[in-house]
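Please look at how the two chains meet in this model. Then turn to one helix and its surroundings.

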Amino acid sequence: MNLSFPLALKAINATLRLMPALPPKFAKWFASKGWSIHPHQQDMLTRADAPALLLIAPTGGGKTLSGFLPSLIDLATGEHKGMHTLYVSPLKALAADIKRNLTAPVQEMGLPIRIEERTGDTSQSLRKRQRADPPHIFLTTPESLALLTSYEDAPRMFAGLKRVVIDEIHALAESKRGDQMMLALARLQTICPNLKRVGLSATVEDPAAIAHFIARHPDPCEILQADPGPAPDIQMLHTDEAPPWSGGGAAYAIPAVLEQVKQHNTTLIFHNTRAQAEIFFHNLWLANDESLPIGIHHGSLDRAQREKVEAAMVRGDLRAIVCTGTLDLGIDWGDVDLIIQIGAPKNVKRLVQRIGRANHRYNAPSKALLVPANRFEVVECLAALEAVLEGDLDGDPRGTGPRDVLCQHILIAACAGPFEAKALYKELKSAGAYSTLTRAAFDACLDFCATGGYALRAYDRWQRLIESPDGRWQLHDPRAAQRIRMNIGTIQDTDTLKVRMRRNRGGKPLGEIEEGFAATLTPGDTFLIGGQIVKYEGLREMTVEVSRDAAKKPKIATFMGTKFATSTQLSARVQRMFTQDSWPELPAHTADWLHLQREVSQLPQPGRLLIESFPHDGREQTVIYGFAGRNGQQTLGLLLTKRMEELGLSPMGFVATDYATLIWGLNAVEDPGPLFDLVTLQAGLDTWLAGNAVMKRTFRASATIAGLIERNSPTARKSGRQATFSSDILYDTLHKYDPDHLMLQITREEALRGLVDFGRIEEMITRIGGRIDHRRLTRVTPLAAPLFLEMGRVPVNGDAEERLLAEEAARLMEDSGLARITPAPSNKPKWRVGY
Amino acid sequence: MNAHSFTFADHRLCALGSGALFWPEQRLLCVSDLHFGKSERMARRGGATLPPYETRDTLERLERDLNQTQAEVLICLGDSFDDLGAAMALPEAERLWITRLQAGRRWIWIEGNHDPGPVDLGGTHLSEWAIGPLTFRHIAQPGARGEISGHYHPKARVNARGRSISRPAFLVDRDRLILPAYGTYTGGLRSHTQVLCDLMRADAIAVLTGPHPVAIPMPR
């Protein structure tokens with residue numbers, strides 16, 4: 001048995017006797033392990049009949065057993081038939097892990113309980129059997145659950161369901177996956193009215209919001225808080241060498257990190273991006289003279305490879321794992337005693353959860369080291385350390401439930417069989433996030449699902465859903481159910497391509513890269529995947545073929561990946577630090593770096609706006625240090641580039657961080673004053689919605705979820721792409737001919753929810769009141785340097801693109817010699833087409 | 001006019017930024033792969049109900065090109081309709097719009113793999129059409145000369161100072177010319193694709209469409 005059933009050193013006190021006693025079999029088992037029940041485990045048992053419960057416990061607090069104990073006790077009698085408890089977790093790996101952890105006590109106590117998981121990886125035959133003969137405890141993910149509710153026999157499969165346990169609910173509550181899951185639960189609650197809900201959460205800043213999210217509206221949801229355990233031991237890693245000015249690899253820290261790995265049993269080395277994990281692993285391996293067993297694990301690796309690493313980790317064969325967020329959630333990876341975070345933690349909550357990975361023992365403090373990758377990150381790390389110590393968790397409240405998810409839910413409901421609009425509306429309002437949804441808003445979604453919802457009623461003959469004479473809605477063509485089911489889910493997987501070793505056919509799969517990255521490769525380019533350097537050979541039927549390459553350094557060192565935004569709390573802390581005269585709390589190299597910034601330019605001042613402009617990399621760069629948060633800075637980037645386009649400055653793109661926006665273009669910004677006129681900017685906001693890349697990206701995501709764009713069609717992507725066309729075309733067409741269409745309304749809602757923050761810009765412009773410090777410089781400044789490594793660059797498609805294209809085309813034609821050989825017409829035609 | 005002029009089979013032709021080909025001496029405009037009624041066909045086959053505005057958007061652009069070039073002949077180079085059913089189901093307003101555009105000019109529908117056979121609209125329906133040294137057909141034939149075709153929806157990509165720019169493109173060599181797709185709801189096939197590399201000669205050029213069409217050596 002491993003450590004998720006932790007040792008509770010505290011003696012059970014007398015109050016226990018007033019509570020429901022543990023059945024003898026369980027008491028004996030606990031005793032045989034030398035364990036006693038945690039107070040919060042007992043609390044959960046006492047409140048087993050509550051309609052909804054939220055348990056907040058640190059990682060390693062025996063959360064899982066707390067969630068399942070009532071179910072195990074109930075099932076021990078062997079009387080229950082069919083499914084009893086449903087467990088939903090955000091990660092497939094977590095479901096597998098829980099299954100392992102539950103199977104052990106069930107076997108040891110000889111309980112008559114069948115436990116099975118079902119995820120996207122489950123075999124067809126097992127899936128079929130599970131629907132006919134469901135297990136007692138069923139472990140799954142939100143997407144698989146949504147799929148199951150789309151079958152006509154869902155009521156039979158879930159009949160008798162008593163409890164649902166939602167793990168890592170803090171992670172789900174932040175995403176559309178969570179919204180989808182809660183809509184599926186609303187469905188289950190109709191099938192099984194007495195269903196009890198239990199949410200398990202790591203430490204969160206606003207437990208009441210999660211409680212509202214989890215309970216059937218308007219049921220109450222009691223919140224149980226477990227002892228948070230001792231404060232974590234967290235420090236910045238001391239290195240002999242100073243971190244560079246810019247750079248994301250933290251290569252300088254390799255010797256120090258390796259030293260730490262040697263001193264501990266198992267170390268998890270977290271990175272913010274997959275690309276950084278790959279580079280770091282590569283460098284770590286080159287420096288690993290003692291050949292310590294070290295693995296790499298991230299979401300782009302082939303599943304078989306990942307499973308190999310996971311198995312080795314569980315066996316305790318690895319001394320360190322270089323990883324990304326895929327290992328972020330509460331997976332029990334055995335004896336981890338040190339967490340190293342490379343790069344500034346972009347979010348305090350995530351840092352705390354990562355730290356929770358170490359020392360999976362309830363009473364030992366977690367040990368973690370932060371390794372800033374550059375000097376700016378030293379400042380960020382220090383701010384994060386302070387925030388952790390003060391328990392200042394970050395998070396933004398989420399608004400009402402997104403309507404794209406609702407549209408998908410309506411289609412799922414239609415797959416399961418005919419429904420009444422009124423009943424469905426009532427049912428989904430019981431999900432907390434949708435409790436304020438109006439009937440009109442629901443009807444608009446229903447109309448969209450049924451007819452497309454266009455002003456031009458073109459699809460009367462081909463409606464997807466039709467209302468039958470008895471007033472119930474159903475699929476027009478029952479065969480459409482297959483297509484809808486194939487597109488269930490809210491995760492936006494960017495199009496990826498598989499990477500394989502080139503061999504006659506079907507070489508070893510290595511993992512996946514984004515199509516956008518693949519498009520930038522030319523044969524001969526080398527890049528890193530799974531810790532090895534490979535050479536791009538070519539594309540064959542949507543598979544990237546590579547060969548091994550002995551190069552020391554990959555030519556292209558990055559592929560795209562998720563970018564995490566720094567929370568606003570951290571950004572405000574950083575801004576405060578910049579106002580200090582000196583920084584005794586910072587390492588000398590970083591304090592010197594800030595002093596240098598003061599010398600060559602200046603540090604941003606409160607109540608003023610610092611703008612730096614300088615040429616770099618063949619382009620004119622402008623940096624606006626607005627400290628308006630990532631969303632605010634992003635919006636600022638959109639508005640400013642639009643203004644610059646109007647002023648003929650040919651901007652080419654921008655990237656935003658929490659502190660600053662970097663804009664690059666063909667012409668220099670000489671006088672930024674006119675750019676920051678609030679009235680002009682505000683006027684710009686109303687029109688920029690029209691055609692920018694961020695809106696199109698949002699549209700694509702929402703239109704996919706709502707079922708307008710199909711991610712997977714039965715005739716999957718063929719080798720060519722001329723049959724498919726870009727979602728941008730749909731966006732432009734709708735915008736031109738049907739600007740009030742629901743999909744555009746949803747796109748605006750979603751953009752305003754996540755991406756656009758004009759309020760912070762207004763506040764910033766009022767705060768600076770025209771006090772702009774413009775520094776025109778000849779080169780990159782210390783503070784600006786890290787911005788050049790930011791991901792999430794947004795292109796501006798304007799005049800600059802045309803200029804670049806013309807320039808490049810002329811060069812290519814000249815180089816190829818084609819420019820000189822294109823012949824002129826030799827003679828006039830002697831005939832003409834008849835009219 | 002925003003166009004790139006080049007010589008093909010001894011005649012001066014213009015690749016327009018819109019994706020249409022213009023032959024000034026003959027006042028002849030040629031467009032390929034309009035795919036009218038694509039959204040209707042998708043919905044009819046139980047797929048998504050896409051915004052049903054692609055036919056009018058395509059017609060709007062075609063009308064603009066016809067007005068600007070004052071073309072007297074229009075050749076639709078095949079796959080003008082997403083299928084024959086889509087041609088039948090064309091809304092009355094769009095049917096009338098086509099009729100209006102046909103007035104006063106010669107209009108030739110070349111048949112494509114999506115629309116093999118005559119449709120119930122004015123104009124001449126042909127499987128291919130030759131004029132002087134040029135032959136207009138939907139799908140390129142190996143070994144042909146002076147051939148103008150469509151079908152593949154070619155697009156080409158160029159890297160300019162770190163930016164990747166991908167556009168629908170004309171592919172041109174001394175024997176053949178392949179038009180990009182003109183219809184609003186159409187995607188593209190990269191010029192790197194084997195079938196295009198096999199069809200086009202090594203010294204082929206690609207003319208990228210857009211506000212300022214430009215020629216580059218065909219990326220492969």
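Between chain B and chain A there are 4 salt bridges. This is a predicted model. One of the bridges joins the side chains of Arg167(B) and Glu801(A), at 2.8 Å from N to O. Polar contacts across the interface of chain B and chain A come to 13 residue pairs, with both residues at pLDDT 80 or more. On the side of chain B that touches chain A, helix 1 (residues 38-44) of chain B contributes the most, with 5 residues. That side of chain B splits into 26 nonpolar, 18 polar and 20 charged residues.

The extent of the contact is summarised here.

| Item | Value |
|---|---|
| Contact residues, chain B | 64 residues |
| Contact residues, chain A | 64 residues |
| Area buried between chain B and chain A | about 5400 Å² |
| Share of that area on carbon and sulfur atoms | 60% |

In chain B, the most area is lost to chain A by Tyr53(B), Arg161(B) and Arg163(B), together 15% of what that side buries.

Now helix 4 of chain B. Which residues of helix 4 (residues 92-102) of chain B are buried? They are Glu94(B), Arg95(B), Trp97(B), Ile98(B), Leu101(B) and Gln102(B). Viewed down the axis of helix 4 of chain B, these buried residues fall within an arc of 160 degrees, so they line one face of the helix. They pack against helix 2 (54-69), helix 3 (84-88) and strand 6 (106-110) of chain B. The face turned away from the buried side carries the exposed residues Glu92(B), Ala93(B), Leu96(B) and Arg100(B). Just after helix 4 of chain B, Gly104(B) adopts a positive phi of about 80 degrees.

Notes
Residues numbered from 1 in each chain as written. Chains lettered and ligands numbered in written order. Predicted model: local features only at pLDDT ≥ 70, side-chain atom pairs only at ≥ 80, totals over all residues. Heavy atoms only, no water. Contact = heavy atoms within 4.5 Å. Buried area = accessible area lost by both parts, 1.4 Å probe. Polar contact = N/O pair within 3.5 Å; in protein donor to acceptor, adjacent residues only side chain to side chain. Helix = DSSP H or I, 4+ residues; strand = E, 2+ residues; numbered from the N terminus. Nonpolar A, V, L, I, M, F, W, Y, C, P; charged D, E, K, R; others polar. Buried < 20%, exposed > 50% of the residue type's maximum accessible area, 1.4 Å probe, protein only. Arc of directions from axis to C-beta.
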